[in-house]
Amino acid sequence: MVITLKRREGMTHDEFTHYQRNIHRPLLMSIPEAQQYIRRFVVSYPVPAPNCPEPDYDSVVEAWFDTMDDLNALFLCENWQKTVDPDHKNFVDLSSTGSIISREEVVVG
């Protein structure tokens, strides 16, 4: 699963990054279902890139699962729904979030 995130209004990119790294991520990783079902978790942040347009997002999250059942088990569990998901409003512009559930196709490498 790939998720694109923009910071909520009134928050700087640095505040967004701090919140995601130091508050939200530990919250996610504290629930047993995250430990059980997530196989790989990667967060990418934009870096200065001369001659390139400003990024559309403040981070891109990759969450890897062994099966669709594992993905559903995480997102449907009580810990996700009552603890982790409600925290998104504290740092994410929920109206601009995008996601795709996909299968990776390696082209080079």
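1. Start with the sheet. Four strands form an open sheet in the order β2-β3-β1-β4, and their pairing is antiparallel. The edge strands are β2 and β4 (98-100), each of which pairs on one side only. From one strand to the next, the twist averages 15 degrees. Keep in mind that this is a predicted model.

2. Look next at one strand pair. Six bridges join β2 and β3 in the antiparallel sense. Ser44 stands opposite Val60 in β3. In general, strands of a sheet pair through backbone hydrogen bonds.

3. Turn to helix α3. Which residues of α3 (residues 68-76) are buried? They are Asp70, Leu71 and Leu74. These residues lie on the same side of α3, because they cover an arc of only 100 degrees around the axis. As a rule, residues three or four places apart in an α-helix point the same way, because there are 3.6 residues a turn.

4. Turned away from the buried side, it carries the exposed residues Asp69 and Leu76.

5. Finally, check the start of α3. There, a side-chain oxygen of Thr67 comes to within 3.3 Å of the backbone nitrogen of Asp69.

Key
Residues numbered from 1 in each chain as written. Predicted model: local features only at pLDDT ≥ 70, side-chain atom pairs only at ≥ 80, totals over all residues. Heavy atoms only, no water. Buried < 20%, exposed > 50% of the residue type's maximum accessible area, 1.4 Å probe, protein only. Helix = DSSP H or I, 4+ residues; strand = E, 2+ residues; numbered from the N terminus. Arc of directions from axis to C-beta. Polar contact = N/O pair within 3.5 Å; in protein donor to acceptor, adjacent residues only side chain to side chain. Pairing = 2+ DSSP bridges. Axes fitted to C-alpha atoms, helices over the stretch in contact; angles between N-to-C directions.
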